[in-house]
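Subject: Model handover

Hi,

Here is the model I promised to pass on. Have a look at it first, and my notes follow below.

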Amino acid sequence: MGWFLTEAGSPSADPRHCVVSVLRTRDVKTAGAGVLLTPTRLLTCAHVVNDALGRRPFETRHPGRETVHVTLRGPTASVNHETRVAHWVPPRRLDGAAEVQEKSDHEWLGDLAVLRLDSMPHEAVPSPLWQPMAQGQSLRAWHGSGMSSSFADVRVKTCDDVLGYVDGEPTGMAIGPAFSGGPLWSVTDNAAVGLVVAHIMPPADPVTGEARPFSSQHLSRRSWGIPWQRIEAELRAVGADDLLDVAVADPDDPALPVLTELLEGVMPSPVLRGDHARAVARRCGYGHPGGESAPTPAEFAQLLVTEPRALAALTEVLRRPEPAAVRPLLNAGQFSPVPRLLSPDEHRRLHQTLKAVPAATLARLPEAVRAALPLAAAFPGEDSTDAYLDHLECLPGDSRTDGEGFRVPALLRVMEYMAALCLPAQCARLRMWSDGVAKRLGIPRSALAERRSDAVDWSRTQGQRDVPLRVLVQVSRSGEDRYRLRVWCDEGSGPRQVSTEGDVTFSAALAARELLRVLESLHQASPSDRRPLVEALVDRAGLNLPIDEWESFGPDDLVPGVIGAEYPLVVNCPELLRRNERFLPDWRRRWRQLDTGVSLLFADESLGRREIYGALMDHADAVRVAVDVPPRLRDEVVQACLVVGIPVVVWDRGLGRESHAVERMSGVTTRELPEGVRSYRAKTVHQPRAFPGRPVLAWADPDRTVPQLHLSEPQEGT
């Protein structure tokens with residue numbers, strides 16, 4: 001693009017400013033390093049991201065929308081940023097057979113993550129050139145802290161385009177913990193040639209685990225990394241080509257000649273064109289020759305059909321001095337597939353505003369999209385906020401306007417619907433953002449007000465939605481694999497009993513058949529597109545009953561009927577909830593904060609009853625607790641949570657630690673937990689090895705009546 005200089009791949013990049021610190025969420029200490037790939041994309045190792053998020057080192061699951069905190073170091077200041085994973089290449093064994101084993105596997109493939117900054121750094125620095133790794137290169141690596149003195153010098157001993165082994169010099173710092181994910185930097189070429197992955201530690205004493213006295217026969221200062229050759233191949237395999245290829249203007253872009261002519265008319269003076277070009281370059285993270293130079297109209301137009309946010313940035317610059325030029329430029333940009341709706345600053349402010357929205361409200365974005373855009377085409381398969389926002393920016397508007405004004409874009413319409421779901425302060429911030437974008441685009445206030453009114457009307461109808469159907473079943477043991485049941489149905493007006501008390505007992509299979517019969521009759525009596533919630537009312541001894549695993553599969557059945565796989569099933573223990581009535585007001589208050597309250601995790605097996613109680617009292621806004629401790633302590637923690645009025649508690653009734661189910665549920669919003677747990681239970685039916693958990697969800701809604709129960713004292717051994 002001539003005058004506009006991309007900051008990616010600069011031969012003058014300073015490695016001290018290219019090294020990024022990846023921070024642990026739990027203690028804000030350094031998990032490892034990363035390196036700039038573009039001004040808004042960072043490259044690191046997947047195992048560094050796992051460490052930062054408190055996951056197992058070789059966890060293969062995509063982190064989803066988990067926030068990864070990083071520190072970028074510019075020439076004048078270090079700034080903390082929040083990032084999310086844009087591309088994920090999980091670690092995999094060389095044979096691809098199974099998950100990498102930390103203690104037995106010494107080499108592996110994959111192990112890459114591209115992190116996406118939510119906004120352009122205020123102090124953009126050049127990203128490095130990348131070159132292939134080759135045997136004999138002299139390289140430098142940096143500790144994740146980014147300290148100027150924390151470098152280690154190494155030399156490539158072997159490189160086969162898959163792995164590169166490097167040995168450190170006998171003096172100075174050695175590669176060690178928290179170097180992973182950082183660049184291996186060629187001092188001679190001032191370019192990055194790979195990433196640090198692992199260090200081979202000296203042998204340890206097999207009994208004490210401590211390092212043995214050093215011997216000249218020991219392997220010393222040897223590490224290995226991923227060569228750029230493999231990094232490039234791995235990233236292309238997951239669709240990250242746009243990060244590797246330099247964008248160039250399509251000479252056949254129909255908007256290019258129109259924009260060139262418009263720019264020549266709007267900015268005939270090189271001085272004026274230079275001023276505006278420097279402002280756009282600064283907003284979009286591009287460099288320029290400096291001085292009083294200016295791009296030609298053709299060079300300026302090429303940027304507008306190459307950099308997706310450049311046209312929006314230019315109209316942002318021109319809105320006050322040249323308001324009449326905005327509309328023709330935006331009209332011309334509609335002929336090109338490249339320009340996006342938002343400027344870099346508008347994009348950054350939208351993401352910052354949405355960060356303040358509670359997760360439960362943000363999870364309703366797809367619902368808001370369907371309401372705001374009922375005739376829109378199919379949306380992306382990736383169910384994430386970033387994917388929705390990216391897609392919405394590309395959709396045109398279809399609302400009515402006064403005269404020939406711009407239609408309200410799809411993204412602004414959806415944000416109005418999201419604002420209507422938010423608390424007043426968040427609603428005001430989203431509306432102010434929409435007002436600003438609409439003003440830049442020249443959208444009449446009446447057109448935006450029309451969509452705002454539609455959104456408010458829609459949100460009122462959401463508040464009047466019917467409560468889900470509910471089947472309550474009191475379950476009590478009556479010997480080995482025998483149970484007594486009392487069943488109620490609740491269509492929204494309160495429980496009505498549908499079974500009579502008696503001496504009838506059921507096996508698990510017969511109990512499943514009885515419950516499925518009641519659930520089917522409820523469907524027929526009150527048709528609904530939402531499956532009823534099954535609420536199992538149990539005593540203290542019944543909290544871990546495998547009710548969700550009850551299965552009915554008779555000789556005439558074509559498919560089995562697994563209660564927990566078909567229906568969201570929760571447990572409720574009124575006995576514990578009302579054991580100390582002084583906590584009942586806390587229970588109701590916590591439930592009212594379900595969408596905004598905090599979540600706690602108890603995973604420390606050294607905790608005692610007093611420590612658990614103290615933590616629960618300290619976090620008065622806790623609405624949800626996950627319990628992942630050994631069974632001997634687990635039931636004590638669960639019962640303590642229920643006694644003090646925690647409305648939502650998740651645990652695994654299995655015998656192991658580090659529960660797969662508990663970890664998976666940590667990414668599900670609180671209101672969606674019943675469905676999230678049901679989905680997990682369904683996966684255990686057909687993928688038991690991949691989904692080994694046995695999740696239990698305690699759910700106590702004070703707004704839904706529970707029938708008066710006749711409870712008996714729990715008996716030993718039940």
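This is a predicted model: local features need pLDDT of at least 70, side-chain atom pairs count only at pLDDT 80 or more; totals for chains, interfaces and linings use all residues.

Which residue in β7 is the bridge partner of Arg 84? That would be Arg 116.

Residues are numbered from 1 along each chain as its sequence is written, and side-chain values use heavy atoms, with hydrogens and water left out.

**The chain overall**

The chain has 24 helices and 26 strands. Both are DSSP runs numbered from the N terminus: helices are H or I with at least four residues, strands are E with at least two. Of its 718 residues, 51% count as buried. Buried here means under 20% relative accessible area, exposed means over 50%, and partly exposed is in between (1.4 Å probe, protein chains only). The accessible surface comes to about 33,600 Å², and carbon and sulfur atoms hold 51% of that; the areas are from the Shrake-Rupley method with a 1.4 Å probe, and for residues only the protein chains shown count as cover. If you take the contacts between residues at least 6 apart in sequence, 69% of them join residues at least 24 apart, where contact means heavy atoms within 4.5 Å.

Strand β5 (residues 68-73) is joined to β6 (residues 78-89) by six bridges, and the two run antiparallel. Strands count as paired if DSSP finds at least two bridges between them. A hairpin of four residues connects β5 to β6, and Val 68 has Thr 83 of β6 as its bridge partner. On from there, β6 pairs with β7 (residues 112-117), again antiparallel and over six bridges.

Arg 73 sits in β5. It counts as buried because its relative accessibility is 16%. Its side chain makes a polar contact of 2.7 Å with the side chain of Ser 21, and also reaches the backbone oxygen of Ser 145 at 2.5 Å. (A polar contact is a pair of N or O atoms within 3.5 Å; within protein, one must be able to donate a hydrogen and the other to accept it, and residues adjacent in sequence count only if both atoms are side-chain atoms.) Leaving aside residues up to four places away in sequence, Arg 73 touches a set of residues including Arg 16, His 17, Val 19 and Gly 146.

**The cores**

A nonpolar core is a set of buried Ala, Val, Leu, Ile, Met, Phe, Trp, Tyr and Cys residues joined through side-chain atoms within 4.5 Å. The largest one has 67 residues, and those with the most contacts inside it are Val 280, Phe 300, Leu 314, Leu 350, Leu 411 and Met 415. Helix α14 (residues 410-421) gives the most to this core, with ten residues. Apart from this core lies another, of 51 residues, with Leu 485, Ala 511, Leu 519 and Cys 573 among them.

Leu 350 touches Leu 411 and Met 415, and its other partners include Leu 389 and Trp 433, not counting residues up to four places away in sequence.

**Some helices**

Helix α12 (residues 365-372) is mostly covered, with six of its eight residues buried. Among them are Leu 365, Glu 367 and Val 369.

In α20 (residues 584-592), the buried residues are Leu 584, Trp 587, Arg 590 and Trp 591. Down the axis of α20 they fall within an arc of 125°, so they line one face of the helix; the arc is that of the directions from the helix axis to the C-beta atoms. They pack against α19 (574-577), α21 (609-618), β24 (622-627), β25 (648-652) and β26 (695-699).

**β16 and its partners**

Strand β16 (residues 470-477) is mostly covered too: six of its eight residues are buried. Eight bridges tie it to β17 (residues 483-490) in an antiparallel pair, and five tie it to β19 (residues 533-537) in a parallel one. Leu 472 has Trp 488 as its bridge partner in β17 and stands opposite Glu 535 in β19. The hairpin of β16 and β17 has five residues between the strands, and Gly 479 in the turn has a positive phi of about 100°.

Cheers
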